[in-house]
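Biologist: I'd like to learn how to read helix packing, cores and ring pairs in a model. Can you walk me through it?

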Amino acid sequence: KGVTGFLAPEAPKISFVQNRLTIAGLALSTLFFSASFSLSLYGSLHPGETIDYRVEFAPIETSLALGVTACLLTIVAFLVSQQLTEMSGRWYLSRRLWFSLGNVWLYLALSQAMSAGLTEIVYGVALFHQALGMTLAIVATPVWLLLLIGAPVHFILRTHPVFGPAEQRALLLAYVVSLGVILVTNAEVYRLRAKDPATPSALTVNVLVQFVQPLTWPQRW
């Protein structure tokens, strides 16, 4: 009943879309703020150091770029959903499909906003107290997994009773491809920053590390 009230008979209410557009806008603002904040915080933690920001901030900049891209996809999906009619004979013009795509991308955008915003903070706390920094990282890990996997998968499963086969495949494919891009891109940045060899095993290890990425923040990747 909860699912049908949320998506059926053909589309969510416009108010649902508008609420999530507001959240997407806040996430986008947070991502842009994280860039300047991280640079300022790094300067206060390492006064007088001469660094190459292209190297030091590659993981944060990658999270920012991925997060902004996911945010823009989210906003586009919600705007398209608003413009479509409730009843459509074509599955790819279904308001509920675009609304669902926006939700999935929004969760992924929030995961990257979390990474870009907390990486430097947790590292700074760890410099002051290693155990406290690790505790924060452990606390952040379930939230990270929830945004990256738990919430999107749960949402996709909720749409199953009301979506047609084509809509289900499109939503699942969009999530899998988006998640893969995030994991592989971040993994490659971690590998390059650590100067690991460009081997399938090194990439695989770094991809697996991304599932528990917050645990790497106290050690600064």
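This is a predicted model: local features need pLDDT of at least 70, side-chain atom pairs count only at pLDDT 80 or more; totals for chains, interfaces and linings use all residues.

Biologist: At what angle do H7 and helix H8 pack, and how far apart are their axes?

Modeller: In general, two packed helices are described by the angle between their axes and the distance between the axes. Here H7 and H8 (residues 200-210) pack at about 115°, with axes 8 Å apart. Their crossing is right-handed.

Biologist: Which residues of H7 and H8 make the contact?

Modeller: On H7, they include Leu183, Ala187 and Tyr190; on H8, Leu203 and Val207 are among them. The contact residues split into seven nonpolar, three polar and two charged.

Biologist: Which residues have the most contacts inside the largest nonpolar core?

Modeller: Leu101, Leu148 and Leu171, in a core of 30 residues. H4, H5, H6 (130-159) and H7 (165-194) each supply at least two of the core's residues. Leaving out residues up to four places away in sequence, Leu171 touches Leu97, Leu101, Val104, Ile156 and Phe163, among others. A second, separate core has seven residues, including Ala27 and Val68.

Biologist: And how many aromatic pairs are there?

Modeller: A pair of aromatic rings is described by the distance of the centres and the angle of the planes. The count here is one. The ring centres of Phe78 and Phe99 are 5.9 Å apart and the planes are at 45°, so the pair is tilted. Phe78 lies in H4 and Phe99 in H5, so the pair ties together parts 21 residues apart in sequence. Both Phe78 and Phe99 are buried.

Technical notes:
Residues are numbered from 1 along each chain as its sequence is written. Side-chain values use heavy atoms; hydrogens and water are left out. Rings of Phe, Tyr and Trp (its six-membered ring) pair if their centres lie within 6.5 Å; planes under 30 degrees apart count as stacked, over 60 as edge-to-face and the rest as tilted. Helices (H or I, at least four residues) and strands (E, at least two) are DSSP runs, numbered from the N terminus. Buried means under 20% relative accessible area, exposed over 50%, partly exposed in between (1.4 Å probe, protein chains only). A nonpolar core is a set of buried Ala, Val, Leu, Ile, Met, Phe, Trp, Tyr and Cys residues joined through side-chain atoms within 4.5 Å. Contact means heavy atoms within 4.5 Å. Axes are lines fitted to C-alpha atoms, for helices over the stretch in contact, and angles run from 0 to 180 degrees between N-to-C directions. A crossing is left-handed if the near helix is turned anticlockwise from the far one by less than a right angle, and right-handed if clockwise. Ala, Val, Leu, Ile, Met, Phe, Trp, Tyr, Cys and Pro count as nonpolar, Asp, Glu, Lys and Arg as charged, and the others, Gly among them, as polar.
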